[in-house]
Amino acid sequence: MSRITRRTMLRGLGVAMGLPFLDSMVPGTVLNAAQAAGTTAGGAAAVAPTRMAYFFIPNGVNIPYWTPNKEGFDFDLTPTLEPLKAVQKDVMVLSGLTLDNARAKGDGPGDHARSAAAFLTGAHPYKTSGANIKLGVSVDQIAANMIGSQTRLPSLELGLDKGQTAGNCDSGYSCAYVSNISWRSETTPMPKEVDPGSLFDRLFGAGNDKAAAESRAKRYMYRKSILDFVAEDAKRLDRQLGKVDQQKMDEFTTSIREIEKRIVMMQKQEAEQKKPDMARPEGIPGDMTEHMKLMCDLLVLAFQMDITRVSTVMVARDGSDRHYRWLNITEGHHTLSHHGGNAAKIESIRKIDRYHMEQFAYFLQKMKSIKEGSGTLLDHSMIMLGSGISDGDRHNHDELPIVLAGKGGGFIKPGRHIRFPRNTPLCNLYLSMLENMGVKQDRFGDSNGRLSTLML
Amino acid sequence: MAKGPAAAELLNQRFATQIKPLMTQYCFTCHGNGKHKGDVTLDKYATWKDVQADKQTWTTVMDVLSQGIMPPEEKPQPAKKDKELIAAWAAEAMDYIDCSGPRDPGHVTLHRLNRNEYNNTIRDLCAIDFKPADDFPADDTGYGFDNIGDVLSMSPLLAEKYLSAAEQVMERAILMGNPYAKKVKRFTGIQMEPTVGQTADSSAWNLSNNGELFKKFDFVTAAEYEIRIQAFGEQFGEEAPKMVLRLDGKDILTFDVKAVGRFPETYRYRGKIPGGNHRVALAYTNNAVDRNNPDRSKRGDRNLIVVWMEIEGPFNAPPPPIPESHKRVLVATPGRDGTEDECAAKIVRNFATRAFRRPASVEEVAGLMRLYRMARANKEPFEQAVKIPLQAVLVSPHFLFRVETDPPANPEIPHPISDYELASRLSYFIWSSMPDDELMQLAANRTLHNPPVLSKQVRRMLSDPRAVELVRNFVGQWLELRNLDDWTPDERRFPNFDEKLRRAMKKEAELFFSTVIKEDRSILELLDSDYTYVNERLAKHYGMTDVKGEDFKRVSLAGTHRGGVLTMASVLTVTAMPSRTSPVKRGKFVLEQILGTPPPPPPPEVPALPDKREDVQAASLRQRLEKHRSNPNCAVCHQRMDPIGFAMENFDAIGAWRDKDAGGHAIDTSGKLPNGQVVDGPENLRKVLVSRKGDFLRCVTEKMLTYALGRGMEEYDRCTVKEICLSVEKNNYRFSSVVDAIVQSDAFLKRRGKSEATALVKVEGTEVKK
């Protein structure tokens with residue numbers, strides 16, 4: 001055995017013994033988040049962490065069927081929001097928010113690409129079909145960067161679109177803008193997991209692995225050694241590359257380091273990893289309702305078991321022309337969204353909007369059904385659903401349809417409809433949500449303040 | 001078309017002396033001298049460069065001139081020859097390019113293998129039929145393709161999948177231990193499947209009536225096996241219980257089970273059994289019961305009780321066959337080919353060289369060998385230990401990316417890529433996979449870049465079965481055929497669309513393109529051909545009657561209205577809406593994907609077509625569209641798209657022929673293009689398109705060059721495209737000549753470094769590259 005071999009092995013073993021900093025780190029940061037949220041410090045040890053998720057729906061909605069007439073606590077549930085009835089006291093409808101950077105700003109057509117791109121980044125995408133993709137870091141990834149190390153997966157990106165489409169995505173924008181809402185850096189999107197089976201494996205692989213603990217430990221050790229080797233390899237290669245290619249290698253190295261961290265976490269959580277109360281789903285269901293339900297069930301479990309605290313769910317890529325045949329709708333979503341005032345098409349859009357809301361309601365109810373500490377999982381969460389386009393026919397980016405659910409650990413007073421002044425940046429909401437996650441920032445995207453009324 | 005600065009000067013002079021005076025007379029009254037009616041100013045252009053910087057305006061100028069939209073009726077009209085003079089100059093100015101200098105090959109960004117490339121590479125590297133990338137996140141696309149280096153990004157999710165895929169690949173590729181080693185497997189009575197009886201005790205089975213107790217067992221290979229059964233009888237009458245050993249229902253041996261409960265006996269059979277899954281059954285055949293005999297001592301019940309069955313074997317098995325993957329990966333065996341360390345090094349060097357698609361360096365092998373030694377020191381068996389460095393190879397950036405490096409000195413000066421890099425460019429272009437041994441050998445000899453060698457390789461690669469990837473990945477994306485996979489036409493309007501038809505549509509396109517490639521036919525056959533491929537299902541869809549069965553046959557299209565890709569059901573379906581045809585969508589598709597002259601996107605807030613039943617019945621689609629086109633903002637582009645789409649209106653939204661539309665209106669397929677050319681029906685459209693074969697060739701070339709290089713087309717690629725087109729024309733449009741000319745171009749053979757992302761400066765809303 002050579003000297004280096006022994007050292008590599010010891011490094012592997014050291015990892016297997018667990019690292020002390022992790023123990024001390026978790027409760028500390030949770031405490032910070034709780035303090036930031038203004039909860040009493042009395043039962044700090046029992047304070048549950050705050051979770052955050054963003055659901056994205058494409059193509060805007062029909063606003064008249066969406067926006068409640070009344071503001072405040074006894075707001076009316078419009079036809080589209082009606083599925084939220086069982087959780088009305090846990091949700092807040094936010095009207096008047098704007099995504100300014102989804103606007104053209106001289107770049108011409110491409111509202112669908114810009115709306116998905118700007119949705120969580122608040123940034124204006126550089127118009128390109130491929131070269132020089134540039135956007136901004138999304139709000140979920142900023143949170144994940146700050147608090148992600150406390151959980152095995154810093155964040156979870158989910159979606160329902162199976163494949164990519166052939167052809168052009170939207171008016172000269174690369175599909176990267178259309179198909180991703182979560183961005184790790186200005187140039188790198190976070191791809192989505194769409195297969196519930198693969199998602200299940202990622203979440204519960206360790207707890208569900210039939211292999212003996214000993215062989216698992218060995219596998220972790222080899223994985224670590226392989227990653228060490230690969231990281232060295234990447235470093236050597238990096239020196240031979242020009243700037244543009246180095247950026248690609250940087251994406252690679254960061255990803256490799258991320259996986260190393262996860263392996264450490266896996267080993268640490270090995271003992272406490274519980275088996276989920278759910279069988280492994282096989283493949284991607286053809287039925288959208290079933291698919292969405294499985295992804296929601298798994299996300300609830302991931303939050304409940306504290307595998308991650310940050311997530312995004314892309315119901316479909318923007319501009320999606322999905323066919324909701326089970327709702328007896330014959331045209332695609334995007335085609336219908338350009339209804340041009342046609343009553344039958346508006347009716348179909350209303351059905352689709354309501355259908356999306358039913359799926360969201362299922363998720364919220366499930367979150368609410370799980371007791372955690374003195375409240376529910378939903379109480380300790382901030383779950384937002386919305387679109388980057390307001391009215392799919394007009395492609396306007398003000399007056400966005402936005403719903404926020406959960407109490408965020410006490411930071412939010414839900415059960416209301418709030419109307420904000422015209423052109424209030426959606427990013428103000430994100431800044432407030434980040435603050436409640438324990439992430440202090442002065443600005444995010446085009447924010448010009450915080451939404452102080454969330455708390456009352 | 002002329003080259004060089006003199007030609008450029010001539011163009012500019014012509015503008016000053018001929019064109020500008022005409023425009024001053026007929027255009028500038030409203031669009032010049034400080035006036036900009038309709039937001040159009042025309043007196044700001046002076047040179048061909050200005051025109052090229054604003055092609056959109058000038059395309060419109062040419063269109064409105066030829067359509068007689070401008071100048072407006074009440075204004076003075078230029079003579080026909082003056083109109084033509086302006087149009088001809090504008091066309092030349094837009095097309096002008098100085099190709100006299102050296103070519104800029106451009107920069108290809110470090111290219112991660114996409115999902116198809118990964119799967120194919122694993123297949124060729126390890127000889128296993130396993131597609132781990134099907135579980136990877138979808139690759140994003142750019143410029144219409146999913147192999148664009150700039151857009152293929154990395155993420156922790158993907159890194160995690162790579163790591164686990166590497167383990168699974170090795171698991172499947174390498175045979176561990178001897179699968180034919182002798183084993184004993186015991187099944188207790190209750191672990192077997194009965195047709196009659198009940199449990200005798202906690203583990204034995206009582207066959208209380210005639211019937212069987214059986215087990216399906218996988219015999220690993222044809223060899224001798226021993227089957228042992230421990231059993232006893234509940235004796236009654238003259239005979240002992242008979243136990244018949246049956247293999248797949250055939251009697252092998254019959255035992256008289258004389259043993260009694262307190263002393264069960266073991267009954268044995270030893271003999272040859274063929275490999276595979278067999279049903280091993282123990283049958284009880286002579287049940288006897290007498291409960292009513294007046295002589296109480298003669299009353300009784302005979303039963304057979306099976307305690308367990310053991311299968312041992314194989315005995316004297318032949319040596320197990322080594323799977324191809326095992327041989328491909330483990331190229332040396334300790335003992336036979338050297339010491340363990342020597343063999344491991346050989347295996348690692350060979351695998352890394354093939355995986356990295358160039359010789360692995362001494363340092364790389366040394367680093368990988370440290371992983372091997374660590375695992376071996378950790379008491380892993382040899383095969384297991386050698387897997388660890390091989391897994392590392394599969395996660396290395398040299399495997400996952402197609403690495404091309406620049407010389408350290410002056411990396412930004414164009415330079416030829418290495419022969420190994422060239423081998424990869426070739427193989428990923430034509431096969432979407434790694435280079436094979438022949439390409440690697442030519443790269444090692446440094447002869448691959450020689451033009452005759454390259455041409456020969458192109459020909460060889462195109463006739464290889466792997467070239468089907470070019471159809472699946474290039475054509476599948478270019479003609480958007482991949483969208484067919486998730487396509488769901490409205491089932492109420494198209495109840496006969498089903499999975500079989502979908503697959504048949506796809507297969508037709510695949511077979512047609514494969515034929516063009518294999519027989520090296522003219523690419524103009526894509527526009528107009530007299531043959532296609534159908535099976536019974538598709539033939540019926542096309543109204544042909546003489547093809548039967550599932551298999552595809554090449555058929556003549558004479559007298560069918562069909563010919564070329566635009567009349568294939570696959571293309572007609574993905575260019576329609578789920579419930580109806582869309583002449584606009586089809587017209588746009590032809591402009592974008594066939595002629596390479598895409599219309600600008602629609603202005604925002606355009607009301608779409610009403611599609612209510614009343615509307616459909618009240619007016620034909622044409623009438624409804626014409627109403628929509630009366631808006632001048634829409635007219636300019638729709639006059640280019642709609643006539644093409646209308647010419648295809650005889651094909652419904654799943655590509656079947658029809659004479660009336662959904663509302664029962666007779667279909668009118670006539671129309672007039674902006675240049676005055678009349679189009680009417682699919683046959684005529686084919687002629688029109690063939691007459692524009694120059695545009696088609698340029699379009700195919702640009703798309704294929706984009707795909708081949710994995711980057712978007714830049715201004716400096718125009719000369720390359722032009723030269724490729726010229727070469728293809730000279731070669732009668734043969735398919736291989738397109739591929740060959742691309743491969744022989746500087747853009748393909750050379751590269752340059754790029755140290756900074758192109759700086760972007762915003763100037764009044766428009767971006768200027770600096």
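**Reading loops, burial and cores**

User: Where in chain A is A:Asn59 found?

Analyst: A:Asn59 is found in the loop between strand 1 (51-56) and helix 3 (63-66) of chain A. Helices (H or I, at least four residues) and strands (E, at least two) are DSSP runs, numbered from the N terminus. This is a predicted model: local features need pLDDT of at least 70, side-chain atom pairs count only at pLDDT 80 or more, and totals for chains, interfaces and linings use all residues. Residues are numbered from 1 along each chain as its sequence is written, while chains are lettered from A and ligands numbered from 1 in the order in which they are written.

User: Is A:Asn59 buried or exposed?

Analyst: Count C-beta atoms, placed from the backbone, within 10 Å: 20 or more others means buried, 12 or fewer exposed, in between partly exposed. A:Asn59 is buried, with 31 C-beta neighbours inside 10 Å. Its phi is positive, near 70 degrees, though the residue is not glycine.

User: What is phi of A:Lys105?

Analyst: Near 50 degrees, again positive in a residue other than glycine. A:Lys105 sits in the loop between strand 2 (91-98) and helix 4 (111-121) of chain A. A:Lys105 is partly exposed, because 13 other C-beta atoms lie within 10 Å.

User: Which residues touch the most other members of the largest nonpolar core?

Analyst: A nonpolar core joins buried Ala, Val, Leu, Ile, Met, Phe, Trp, Tyr and Cys residues through C-beta atoms within 7 Å. The largest has 191 residues; A:Phe55, A:Ala143 and B:Ile742 are among those touching the most other members. Another core, of 62 residues, lies apart from it and includes A:Ala234 and B:Phe399.

User: Which residues does a cis peptide bond join?

Analyst: B:Gly313 and B:Pro314, with omega about 0 degrees. B:Pro314 lies in strand 14 (residues 303-315) of chain B.
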